[in-house]
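Biologist: I am new to this structure and would like a close look at a single part of it. Please take one chain and describe it in a connected way.

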Amino acid sequence: MQVLGTAGKVVLGLGMAVVLWAAFLYAHPAESFVGESSRIVFFHVPTAWISALAFLLAALHSGLYLKTRKMERDDAAAAAARLGVLFCVLATVTGSLFAKVMWNSYWNWDPRQTSIVLLLLVYGAYLGLRQAIEEPERRATLSAAYALIAFVSVPFLMFAVPRMYASLHPDTVINARGRIEMSPDIKLVFFSSMIAFTALFAWMYALDVKATRLVRRLSERAGGFEA
Amino acid sequence: MRLVAENVSRAFGPRRIFGPLSFATEPGRVLGVAGPNGSGKTTLVKVLAGLLRPSEGSVRLEGPAGARLSVHEAAGAIGWCAPDLSLYGELTPAENLEFFARVAGRPRARDEVDGRLASVGLDPRRLRSIRTRFLSTGQRQRLKLAYSVLSDPAVLLLDEPGSNLDEAGHRAVAAIVAGQRERGSVVLATNDPAELALADERVTL
Amino acid sequence: MILRAAAAVFVKDLRTEWRTRVAINALLLFAFSVLVLVGYAVGPTRLTLEDRPVVNSVLLWIVLFFSAMTGLSRAFVNEEETGTAAALRLSAPPAAVFLGKLLGNLALLGVVMAVVVPLFLALMSFGIAAPGLFLAVLALGGVGIAAASTFIAAIVAKTAAKGALFAVLATPLLLPPLVAAVTGTQIAATQPDLVAGLDAVRLLFAYDGLMVTASFFLFDAVWRE
C-alpha cells in the first residue's frame, strides 16, 4: 500500500512550490533585518520546529515501546530520530547563514546555536547507541531508555540556559509579550510554510517507518540480524 | 507455589532458541529438562528465572489460592544455579552469601551462613578469609549451590548442577534436591543420566 | 527494605573497591596527570587577571568531567563482565541496585573532588570569593554527573562497545549541568555575594532532581531488559 496517493503527492508538491515562490517573491522583507535576510524565517523556523517535533516523536514512541514491547514502536522511534537529524542539520545551517548576514559570523555560540548543537549530539549519540547493539529487542529497549533520559535533559539547555546568557537570536515567533508581531503577508507565508513543511515531514516519516519495518521483517526472514 | 509456563518460547532476533512449551512444576516434585547441547536448556531456565523475557507466552508463579505473580514480583521465591551464574570474586564465600541474603531482604546471621556453607561441603573456618576467586572451580560450584537455596525458594532451578563436582559434590546436589522436595519444587536441566534419574517428570527439548 | 538493600549494594561495592582499588586508582591517577598537565601548561601566572575566573572554572570542570568518564562506568560494566549481574538481578530489587550504585559513584566522585579541587585551587592560584556557593555548585554538579553516569553505565554495560560508548552517550546529557556548574564556579570566584549565583544553583538543583527521578524510574527497563 502506498503511504501517500498520487493526488496527495501533487497537492504536497504544488504546496511546497507555492510556498517557495511566496517566500522569495510575495512576502516583503521584514523591517530591522539586514537586506532580505528575514526571508530565512520561512525555512529556518519550520525545520527547527520539525527537529523538535521529531525528537518529541522519538521520545513518545520510545516510551510506548517500553510499555508495549512492540517492535513497531521501535521502528517509529528510529525513523523519527533519523529524520530529526536531517532537519536539525538544516535548521543549524539556515540559522548559521542568517547569523553570518546579521552579525557577520557564522558561529558565535549564541545560546540557541548551543542548544541546537546539543540536540544534534543527542541524536548522534542515540543513533550511535543503536548501531552498537546487534540484538533487536535489546537495541530497542536500551535506545528507548536513552531517548527518554535525553528527553529529560535537553530542555535544560533549550530553555534554561538561554535565559542565563544574553541571546542575539530574534524574538521567537510568539514573543515574550505573547503576541505574533509579523506583517500580514509574512504571517500568511510563514504559516503556509509551517504547514507545508510539517506535511512534508509527515510523508517522509511515514515512508521511513514503513521502510524500516520492511527491512526488519526481511532480516527476520533471512535469519540474520542485518538485512 | 507452582511455576507455570504457558506457550513459552524465546528467540534472539530471528533465531528461535526453544519453544513454544507449556508445563508446570508441582510442590514436592522434580521436573527434569533434557536435550542435547544447543537445544536451549540454559535459555529456558533463564526465562523461568525471569532473567530473560520470553519472546512469546508467559511464566508465572501460582500460589495455593490461585494467586498469580509474575516471576519478577516474587523476590526470593526462585533459586537459580547455572553455569552463567557468578558470585563476587573479591568477597569471601561467607560474605557472598551474607550479601545476597541481605539484598533479598532476608538477612542471615554468621552462624546460619556457616551452616549453609557446611551443608554443601565447604569448611567455613578454612575459607573464612579466602576470597571466592581463589577457590577451585568445584568449590565455586558448591558455593553457587548454597547460593541457589539461600532464600529457601519455592522453586529451585538447577542448570547442570553437577558440573565440575566430585563424588561428594554429586551427593550434595542430590541432598539439595531432596531438601527442596520438602519445601517446593525443582526444575533440573542436565545431560547427566544420574541426575536425570532424580526427576519425576521430564521435558525434552 | 529498599534502602537497606541499597546500603548492602553500596557496602559490597565499597568493600570490593577497597580490596582491588582499581577504580579509585585509575580515577585519581588520571585526574592527577591532567592536573599536572594543566598546571604546567597554563599555570597560575600565564592568564591575565580578568581571564582567570572563566578559564579556571572551565578547566576545573573539564578535569572533573573527564575523570568521571574514566571511572564511573565501572559501576555496571564490572557486574556484567564478571557475570555477577545475573545473581544481583535475581536477588536484589532494581531500585536498590540503582540507589546503591548511585551512592557508590557519588562516593567515588566525592573522593576525586576532595583531592582534585584543593590541588587545583593551589596549583592555579585560583581564588574563590564565595566558598559557600562554590561548595554548593560542586556538590550539585557532582550529584548530576553521578546520576547521569550511573544510568548511562547501566546502558553501556549491555552493549559490546562499553567504554567507548560511555562518554559519547553521557556527554550530551551532562552538557546542561556542566554549563551551569562552570557559570556558577565563575560567579563564586568573582562575587562574594551568594545571590549572584542563585540562577546556576537553581538550574543544577532542578537538573539533579529530574535526572535522579527519571533515571530511577527508567532503570528498571534497562536493568531487566
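Modeller: In chain C, the mean positions of the 14 positive and 12 negative charges lie 10 Å apart. Here Lys and Arg count as positive and Asp and Glu as negative, while His and the chain ends are not counted; the place of a charge is NZ of Lys, CZ of Arg, CG of Asp or CD of Glu. This is a predicted model, in which local features need pLDDT of at least 70, side-chain atom pairs count only at pLDDT 80 or more, and totals for chains, interfaces and linings use all residues. Residues are numbered from 1 along each chain as its sequence is written, chains are lettered from A and ligands numbered from 1 in the order in which they are written, and side-chain values use heavy atoms, with hydrogens and water left out.

As for the fold, chain C has nine helices and zero strands, where helices (H or I, at least four residues) and strands (E, at least two) are DSSP runs numbered from the N terminus. The radius of gyration of chain C, taken over C-alpha atoms, is 18 Å, close to the 17 Å of the globule rule (2.2 Å times the number of residues to the power 0.38) for 225 residues, so chain C is as compact as a globular protein of that length. Along the principal axes, its C-alpha atoms fill a box of roughly 55 × 35 × 30 Å.

Of the 225 residues of chain C, 56% count as buried, meaning under 20% relative accessible area (1.4 Å probe, protein chains only).

The mean pLDDT (the predictor's confidence in each residue, from 0 to 100) of chain C is 91.

Terms used. Buried means under 20% relative accessible area, exposed over 50%, partly exposed in between (1.4 Å probe, protein chains only).
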